[in-house]
Amino acid sequence: MAMDEIVDGLSEVSCDVLVIGGGTAGPMAALKAKLKNPKANVVLLEKANVKRSGAISMGMDGLNNAVIPGYATPEQYTKEITIANDGIVDQKAVYKYAQNCYKIIEELDSFGIRFLKNENGDYAVKKVHHIGTYVLPMPNGETVKKAIYRQLRRARILISNRHMATRLLTSSNGRVAGTISVNTRTAEILVIKAKAVILCMGAAGRLGLPTSGYMFGTYENAANSGDGYAMAYHAGAALANLECFQINPLIKDYNGPACAYVAGPFGAFTANNEGSRFIECDYWSGQMMLEFYNELSSGKGPVFLQLSHLHEKTIEEIESTLHKVERPTRGLFQKGRGTDYRTESIEMHISEIGFCSGHSASGVFVDDFARTTVPGLYAAGDMASVPHNYMLGAFTNGSVAGTDAMEFADNHDFAAFDAADVVKERDRVMAPTRREDGIPPNQIEYKVRRLVNDYLQPPKVTRKFELGQRRLAEAREDMEKQMIARNSHELLRALETQSILDCADMAAHASLYREESRWGLYHLRTDFPEKDNENWFCHTLLSNKNGKMTSEKRDVEPYVVPIADEEKDLYDKQRIRASA
Amino acid sequence: MPLASYQTSVPVVVDDAKCIADKGCTVCVDVCPLDVLRISDMTGKAFMAYDECWYCMPCEADCPTGAVTVNIPYLLR
């Protein structure tokens with residue numbers, strides 16, 4: 001049989017805890033679940049291959065949010081993240097992360113991942129954020145995935161690669177019962193019954209279309225097509241603050257970070273066409289992105305990352321990091337362009353929009369135990385609502401999810417689901433393979449993402465959003481009635497297209513609901529240009545209520561760490577002042 | 001509607017002389033996050049079957065014989 005040929009098949013397995021997504025949060029969740037109860041069955045399901053999947057496929061240059069005793073306190077960190085997110089933060093989860101992350105750093109160290117130390121043997125933490133000091137370089141950061149994979153093998157976690165989960169199964173009273181997945185190489189259906197399920201499926205990074213026009217030239221790993229958000233939505237889980245988009249400052253066309261977090265501590269800075277600084281701080285926030293956007297649209301652009309003023313040795317050190325980990329082809333790209341950091345600045349641009357709590361604040365709503373609003377269902381990493389997670393947040397919150405999910409599984413039996421749901425889902429999944437004629441997934445995906453750029457990109461205009469919703473509804477009609485997949489690889493892309501369209505609908509719906517501007521560029525609404533704390537100092541929760549997309553307000557939980565009035569707007573002051 | 005296929009230059013290049021896929025190696029196909037590499041049933045060597053590349057590098061980094069080269073996709077070069 002040739003690879004990608006469609007095979008008709010259905011099998012069923014069961015496990016105690018099912019983790020979906022083997023990038024960063026997922027492996028840690030699986031590991032902690034297994035450590036909590038070594039007799040239990042833990043399955044790690046992955047659409048690609050756990051060895052090289054997810055946002056850190058080629059490793060990472062450092063930790064961007066390390067709360068290390070002697071440099072920062074959990075209280076300081078919680079305060080900074082609250083301010084950076086305009087106050088819309090349930091602090092309990094952030095505070096818990098800040099308290100736990102040092103233990104996780106020590107654990108990663110024991111896995112063989114090294115962290116930069118100074119001559120006294122202390123961690124060499126760098127300052128990138130507006131207020132505190134949290135950035136810790138990883139000298140062998142390219143080995144992260146390998147180190148984690150070794151731990152998974154040692155713990156005998158059952159890994160199932162090349163299986164894409166499509167829908168969660170739930171019981172009549174709304175508890176999670178398992179998942180339905182499809183083999184991306186054969187199109188065979190696999191039903192996995194589970195007592196608890198943890199979603200670690202990454203960002204919705206294939207939502208907007210990169211300006212290069214190359215569909216897979218996204219900021220996020222292009223495999224992160226928002227499947228987790230779509231699955232959570234269809235299972236009835238609430239999703240928080242989806243109007244708080246992720247938009248990042250990136251190397252123009254290459255669409256990866258330049259990266260100010262690496263080069264900034266050495267003296268590099270973001271400059272306009274006059275060579276002048278215009279932002280106080282390179283830490284990614286909506287407020288910073290707004291100033292970046294303003295500079296580009298004011299005629300003072302292009303915007304550059306300026307490092308040609310640095311010493312040769314310093315530039316060599318920056319290069320050795322940038323061209324080795326996270327996005328190693330940065331070096332190849334710059335070489336092709338003839339850009340030498342010694343003589344030329346790096347041209348920057350604004351990324352396409354996406355959902356990702358890694359650097360933003362939206363996601364499947366979770367509490368401080370990584371529990372979603374669906375009993376037995378957990379979420380962690382880029383797709384869960386704990387803001388500004390980054391890699392260490394994925395590890396730390398994945399750890400929380402794994403432990404709590406196993407406790408849940410230990411105290412519950414399997415939930416019953418309706419067999420008809422499996423039949424229905426199988427028909428939905430296979431529909432594009434059963435058509436003789438139609439539109440291939442790449443064309444539908446391109447159109448949806450082009451519409452996202454045309455209508456949903458900030459600044460957000462109500463009329464444009466309404467038109468966008470109409471166009472997206474037309475694309476949905478095409479997708480549901482005409483999309484074809486001629487082999488199992490095309491079926492994978494067809495299923496991803498459905499996740500992308502679901503995310504586009506959610507992005508539009510959530511943005512129209514919040515009638516104010518907040519989070520700088522992330523939710524800049526021209527029809528409601530001011531921040532309105534009186535009516536909108538709250539989360540918004542989007543969910544599927546009886547088949548209808550619905551949004552509602554939810555109070556921000558009382559703060560654990562109080563914020564003084566004069567501190568609340570510190571992140572609003574990103575622009576360099578013209579005079580004293 | 002009838003379908004047409006159109007030309008695209010793919011970023012991942014495999015050196016057939018170095019590739020040992022015909023001896024059973026599937027490393028690059030296994031690790032690709034976007035699952036775009038396949039083994040040719042004509043040559044027995046790995047090749048890029050789908051132009052859906054994140055130019056991320058696992059295929060090149062993990063190839064045991066150094067047969068794989070990742071280039072920047074033309075549209076963003």
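## Two residues with positive phi

Met57(B) sits in the loop of chain B that runs between strand S3 (46–48) and helix H2 (58–62), where helices (H or I, at least four residues) and strands (E, at least two) are DSSP runs numbered from the N terminus. Its phi is positive, about 105°, although Met57(B) is not a glycine. Met57(B) is buried, with 20 other C-beta atoms within 10 Å; a residue is called buried if 20 or more other C-beta atoms, placed from the backbone, lie within 10 Å of its own, exposed if 12 or fewer, and partly exposed in between.

Asp86(A), in the loop between helix H2 (74–84) and helix H3 (91–110) of chain A, also has a positive phi, near 55°. Asp86(A) counts as buried because it has 26 C-beta neighbours inside 10 Å.

## Basis of the model

This is a predicted model, in which local features need pLDDT of at least 70 and side-chain atom pairs count only at pLDDT 80 or more, while totals for chains, interfaces and linings use all residues. Residues are numbered from 1 along each chain as its sequence is written, and chains are lettered from A and ligands numbered from 1 in the order in which they are written.

## Cis peptide bonds

Most peptide bonds are trans. In chain A, however, Gly301(A) and Pro302(A) are joined by a cis peptide bond with omega about -5°, and Pro302(A) belongs to the loop between helix H7 (286–297) and strand S12 (303–306). A cis peptide bond also links Pro458(A) to Pro459(A), with omega about 0°, and Pro459(A) lies in the loop between helix H12 (441–456) and helix H13 (462–482).
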